[in-house]
Amino acid sequence: MTQSADRTRHDALTDVAGLRVGHARVAGDGALSGTTVVLAPEGGAIAAVDVRGGGPGTHETDALDPRNLVQRIDAVVLTGGSAFGLDSAAGVMAWLEEHGRGVPVGGPGRVVPVVPAACVFDLGRGGDWTARPDASTGRAAVEEAARTETGAPVATGGVGAGTGAVIGGLKGGVGTASTVLGSGITVAALVVANAAGSAVDPLTGVLYGQYIEGPVRYPAAGVHAAATRRLEEARAAGGPPPLNTTLAVVGTDAALTRAQAQKLAGTAHDGIARAVRPVHLLSDGDTVFTLATGALPLETANPLALNDVLAAGADVVTRAIVQAVLAAQGIEGPRGVFPSYRELYDIGRPT
């Protein structure tokens, strides 16, 4: 039986059997940041990364180069706090070491966990410039991931690394999506949408990413005009414009080589480009990770069998960005007013 037949799907990264997600938020007044951890199954997963932004903040990404030593990893960290927030990976490393998970080095229990990480810029959005994720935040997020059941739904919107996320002046956050191919292979994504680029078509008010999903419901002209004015007013009342970055983890249960996983990370960036404009500029930190658990084989006799996985990876990233924007709730703080898309366009909360 395929995964879709014997497991409940949540249209989430966790639809890839064995992948689990945990979020943690920085505590305290003036804090608006957090960390999200994607935890691989025992034994780890084949991993890769593709960085397209000109201003990335990353940790341990060179280890994922297919030419290098490390074959499998146990966790990926997405975090707020800009480069400071990369400290959260240390908490994840400590937890993994305590559980004997990592690269074996010289004897029983001696492991070095390799924990790739990437960050978004959300410094000071809650008012306190120094309120950012650290090792304790990373540990809290991985512990939450470890507590969840495999296949559990994923919290979205202003949680984890999406706590202080803003996209084109709107409140951003975490989003997720998945699909099952005809072969039974699952491809899924989790994103943190935090960009200076806009997710909204200025001509229509439709989210760019909705154009690939089929029939589009266009907002009434008056609603769109009012939403545009309110967003412009919010931008004018705020501080400096947000810096760019969209992060993503694309997961699959396909048995990929490291080179194939890297190709998937690269083509998944097309999904960002469909949903956010502009992207991949010098101030962007746009980064996509791939995790492949290897539960289902590709059709080895067909050299183009990977194409369906590549196309699906881009599609689920686009849908996850749409979901992030629709799940977000607006915030008002010392660094400005960031309304939600649902608030501006008078859309009810999802059921």
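Colleague: In which strand is the place of Arg20?

Modeller: Arg20 belongs to strand E1, residues 20-25. Helices (H or I, at least four residues) and strands (E, at least two) are DSSP runs, numbered from the N terminus. This is a predicted model, in which local features need pLDDT of at least 70 and side-chain atom pairs count only at pLDDT 80 or more, while totals for chains, interfaces and linings use all residues. Residues are numbered from 1 along each chain as its sequence is written, and side-chain values use heavy atoms, with hydrogens and water left out.

Colleague: Which side chain of opposite charge is nearest to Arg20?

Modeller: Lys and Arg count as positive, Asp and Glu as negative, and His and the chain ends are not counted. A salt bridge is a side-chain nitrogen of Lys or Arg within 4 Å of a carboxyl oxygen of Asp or Glu. The nearest side chain of opposite charge to Arg20 is Glu42, at 5.9 Å; Arg20 is buried yet has no salt bridge. Its side chain does reach the backbone oxygen of Thr148 at 3.3 Å. With contact taken as heavy atoms within 4.5 Å, and neighbours within four places in sequence left aside, Arg20 touches residues including Val37, Leu39, Ala145 and Glu149.

Colleague: How many salt bridges does the count come to by this rule?

Modeller: The count comes to ten. Glu42, Asp74 and Arg101 are linked in a network of salt bridges. Asp65 and Arg67 form a salt bridge of 2.6 Å, N to O; Asp65 is buried at 18% relative accessibility, whereas Arg67 is exposed at 74%.

Colleague: Which parts of the chain does the pair of Arg139 and Glu98 link?

Modeller: In the salt bridge of Arg139 with Glu98, the closest N and O atoms are 2.6 Å apart. The pair links distant parts of the chain, with Arg139 in helix H3 (residues 135-147) and Glu98 in helix H2 (residues 88-98), 41 residues apart. Another salt bridge joins Glu343 and Arg230 at 2.9 Å, N to O. Glu343 lies in helix H7 (residues 341-344) and Arg230 in helix H4 (residues 221-237), so this pair ties together parts 113 residues apart in sequence.

Colleague: What order do the five strands of the open sheet have?

Modeller: Two strands pair if DSSP finds at least two bridges between them. The order is E1-E2-E6-E9-E4, with mixed pairing. E1 and strand E4 (58-59) stand at the edges, each with a single partner strand, so one side of each is left without a neighbour in the sheet. E1 pairs with strand E2 (residues 34-39) in the antiparallel sense over six bridges, and Ala24 has Thr35 in E2 as its bridge partner.

Key. Buried means under 20% relative accessible area, exposed over 50%, partly exposed in between (1.4 Å probe, protein chains only). A polar contact is a pair of N or O atoms within 3.5 Å; within protein, one must be able to donate a hydrogen and the other to accept it, and residues adjacent in sequence count only if both atoms are side-chain atoms.
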